[in-house]
Amino acid sequence: MTAVEMALLGGIGVLALAMLLGAVGVTRAVRANARPDPTPTGAVGGPGAAAVPGQADGVVAADIAVSAARAAAQRVLDTARVEAQRALDTARAEADTIRERAFRQAEQDAEQARQSARRSAERELAQVTDAAREQLAEVERRSERLERRESLNAEEAERLAQRDRRLTVAEDEFAARDADLTRQGAELVDARARVGQELARVAGLSVDQARAELVASIEAQARRDAAVSARQIEALARDEAESRARAVVVEAIQRVASEQTAESVVSVLPLPGDDMKGRIIGREGRNIRAFESVTGVNLIIDDTPEAVLLSCFDPVRREVGRLTLEKLVLDGRIHPHRIEEVYVAAQQEVEVLCRRAAEDALLEVGIGDIHPELVKLLGRLRYRTSYGQNVLKHLVESAHIAGVMAAELRLAPKLIKRCAFLHDIGKALTHEAEGSHAIVGAEVARRFGESEEVAHAIEAHHNEVAPRTVEAVLTQASDSCSGGRPGARRESLEAYVQRLERIEEIAAGKPGVEKVFAMQAGREIRVMVRPDEVDELTSSMLARDVAKQIEEELTYPGQIRVTVVRESRVTEIAR
């Protein structure tokens, strides 16, 4: 029996008990009223005798009331029992409903738990499968690398075996040649003896005289043979040196990549609208005059929509002017006093940018200990270009190429990279100091504590001073590789055509020249001369004169090779 059932039965019992107690109370009250009066009665027919029938009626009424109360209590009890039974049935039905609902909820929770466990298991299985696939792919990649390495090792072993076979054949040939030379030497000794005897007999010479003449003739023949051998050895050594140098240069260029910028002396600043041009000019042109006098940059305002041009040969000054005008346009307040304030702020900003660019370049090259003034000069090269090639990036590229060359030649790369990185430092001062940038750069390097090897490499990288060290030669080579490789530098088509025409005019103006051809984009010039007017010695002098005049009159990237061709032809007709 549940707690609800017990509570209902308890309530019904309490109600029935209350009704029963009420009926008993009524009965007692009626009986008390019907109890005989204790006062002694008088004669027959007195008050006591008259009250007896009324008391009997009260008792009967009390009994009837008790019976009625009992019947009512019974009906209430029956009704309570029916209500209790009904409540009990309802509670049982609700309990069954709750039990069924709880059972269904439990089944749903169990199903959700099973689905969640299934999804979790599927996710874990997918993760394990992906991990297994990645491990399998990694194993396959390692297997492929091992196969490639084994293939390379097999090829290297085959090359070594071929080299060993060639060495064996060469050793056999050398041994055979040695034996042949030994035999020829013995035959020569015998022939020398026979010749001496014959000379002594025919010419009537003594043995000593004949020996002296024979020695002289043999010495002359030996000198001729030695000269021929030396020439062959020099040719082989030259070919080997050129091949090795070409391989080193190609390796260095292939391992260095850099981006290029176009040379320009004009900067373009976009404007938010054409009405800004009038504000830049100012009343009666006072703003533009103040801007040009403060910055030293020419401001060109034409019909170009929503843009102005800034022109200046000094790239740093042009960049300061561009930043100044850009800040003024953004601010909107353009007047002479404001121009001076913004110019000072732009100068400081450009100095910070230059210093940061120099520090990044030094970090990329791996140079740490350098004078702060040299860092400042290097930063100014951030805005300097030469034939479309950014000078600071050219220095970084030259340093990398020089380092690769030094590594290929088994030299210490640190000093050579420093020489190559600083070789164009003079270009930051060429408009402020007289002389070529090589000489100016060497003086600056010596002034700020660079070693003599670095200063010599700087002043010798354009042959203004003869190179005396390996560092100077490699600096020249790295500079030529960086500036002369395809795509590194460029010039306008008009200047390019004028330069080629001038090169041909210089060579064609020399006496004895028949034809002139500028080849390889102006990097080589071939001069055909008349053989009856120009001899071998004059050809060498002509090539030197043409090269010297080109160096003095023209400006060009890289180097120009001058080749003089003197060809003699003899034709005869067979009839």
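Of the 575 residues of the protein, 29% count as buried (under 20% relative accessible area with a 1.4 Å probe, protein chains only; exposed is over 50%, partly exposed in between). The model is predicted, so local features need pLDDT of at least 70 and side-chain atom pairs 80 or more, while totals for chains, interfaces and linings use all residues. Residues are numbered from 1 along each chain as its sequence is written, and side-chain values use heavy atoms, leaving out hydrogens and water.

Colleague: How many helices and strands are there in the protein?

Modeller: Both are DSSP runs numbered from the N terminus, helices being H or I of at least four residues and strands E of at least two. Counted that way, the protein has 15 helices and eight strands.

Colleague: Is helix α12 mostly covered or mostly open, and how many of its residues are buried?

Modeller: Helix α12 spans residues 452–459 and is mostly covered. The buried set runs through Val454, Ala455, His456, Ala457, Ile458 and Glu459.

Colleague: Does Arg338 count as buried or exposed, and at what relative accessibility?

Modeller: Arg338 is found in helix α7, which covers residues 336–365. Arg338 counts as buried because its relative accessibility is 18%.

Colleague: What about Val470: at what relative accessibility does it sit?

Modeller: Val470 belongs to helix α13, residues 470–484. Val470 counts as partly exposed, because its relative accessibility is 47%.

Colleague: In the three-strand open sheet, which are the edge strands?

Modeller: The sheet has mixed pairing and the order β6-β7-β8, where strands pair if DSSP finds at least two bridges between them. An edge strand here pairs on one side only, and that picks out β6 (513–519) and β8 (561–566).

Colleague: Over how many bridges do β7 and β8 pair?

Modeller: Strand β7 takes in residues 524–529, and its pairing with β8 is in the parallel sense. The bridge count for that pair is six.

Colleague: Which residue in β8 is the bridge partner of Met528?

Modeller: β8 spans 561–566 and is an edge strand. Within β8, Met528 has as its bridge partner Val565.
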